[in-house]
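Colleague: Hi! Could you walk me through this one when you have a minute?
Modeller: Happy to, let me bring it up.

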Amino acid sequence: MRPSSICILLAVAVLLLHHHLLPGVEASVEKACRDAANASPKINYDFCVAELRPYPGSQVGDQKWLAVIAASLTKDKATSASDKVKGLLANTSDTKTKQCLESCESVYEDLLSDLKTSILAIKEGRLGDAKTHLSAAVDAPSTCEQGFEELKVPSPLNKEDSDLTQISTIALAFTNMLG
């Protein structure tokens with residue numbers, strides 16, 4: 001047998017042994033999403049997998065890393081929504097719509113602060129703090145949408161707020177699975 005073949009066989013054996021001796025150390029995106037969807041009817045398994053799978057490092061991360069990734073994805077989506085609000089504010093003349101967008105802008109600013117804190121808290125193992133801030137993140141998009149509903153104005157942020165609710169719920173579920 002050639003030395004390169006021996007190295008490949010040895011590497012495969014080590015990976016298999018690692019997987020069987022240390023179950024739960026690595027978490028697949030699919031398994032984590034399935035567990036989260038089973039724990040919460042609010043979580044859409046297909047959305048979870050579609051959002052997390054392409055994220056760099058998601059295929060090799062453990063459960064903690066997947067929680068960080070989900071919170072980071074939430075932060076990315078919140079940043080995008082906040083940028084959209086700023087653009088809409090610059091081009092909106094309707095006073096009711098402007099009032100709703102200004103409210104959403106404030107909500108997203110608080111959301112981004114909560115997400116920055118939660119990501120750091122997950123990394124540091126301060127799960128109670130992470131859960132508190134992620135819980136606030138889960139509620140933020142509906143707070144934004146309520147303003148539009150109350151003033152009977154169509155929301156230009158339905159998709160963003162729906163995605164934000166879903167990904168923040170996933171981040172919270174992943175964090176809850178850590179303990």
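**Fold and core**

Modeller: This is a predicted model, and its protein chain has seven helices and zero strands.

Colleague: Thanks! How many residues does the protein chain have, and what percentage count as buried?
Modeller: There are 179 residues, and 40% of them count as buried.

Colleague: Which residues touch the most other members of the largest nonpolar core?
Modeller: That core has 47 residues, and the ones touching the most other members are L52, Y108, L111, F148, L157, I170 and F174. Two or more core residues come from each of α2 (29-39), α3 (45-52), α4 (63-91), α5 (95-124), α6 (127-150) and α7 (158-178).

Colleague: Let's pick F148. What is it in contact with, leaving aside neighbours within four places in sequence?
Modeller: F148 contacts T97, C100, L101 and C104, and also V153, P154, S155, P156 and L157.

Colleague: Switching topic: where does A78 sit?
Modeller: A78 lies in helix α4.

Colleague: Why does A78 count as buried?
Modeller: Because its relative accessibility is 0%, and buried means under 20%.

Colleague: Last one: how far apart are A78 and A137?
Modeller: They are 59 residues apart in sequence and 9.4 Å apart in space, C-alpha to C-alpha.

Technical notes: Residues are numbered from 1 along each chain as its sequence is written. This is a predicted model: local features need pLDDT of at least 70, side-chain atom pairs count only at pLDDT 80 or more; totals for chains, interfaces and linings use all residues. Side-chain values use heavy atoms; hydrogens and water are left out. Helices (H or I, at least four residues) and strands (E, at least two) are DSSP runs, numbered from the N terminus. Buried means under 20% relative accessible area, exposed over 50%, partly exposed in between (1.4 Å probe, protein chains only). A nonpolar core is a set of buried Ala, Val, Leu, Ile, Met, Phe, Trp, Tyr and Cys residues joined through side-chain atoms within 4.5 Å. Contact means heavy atoms within 4.5 Å.
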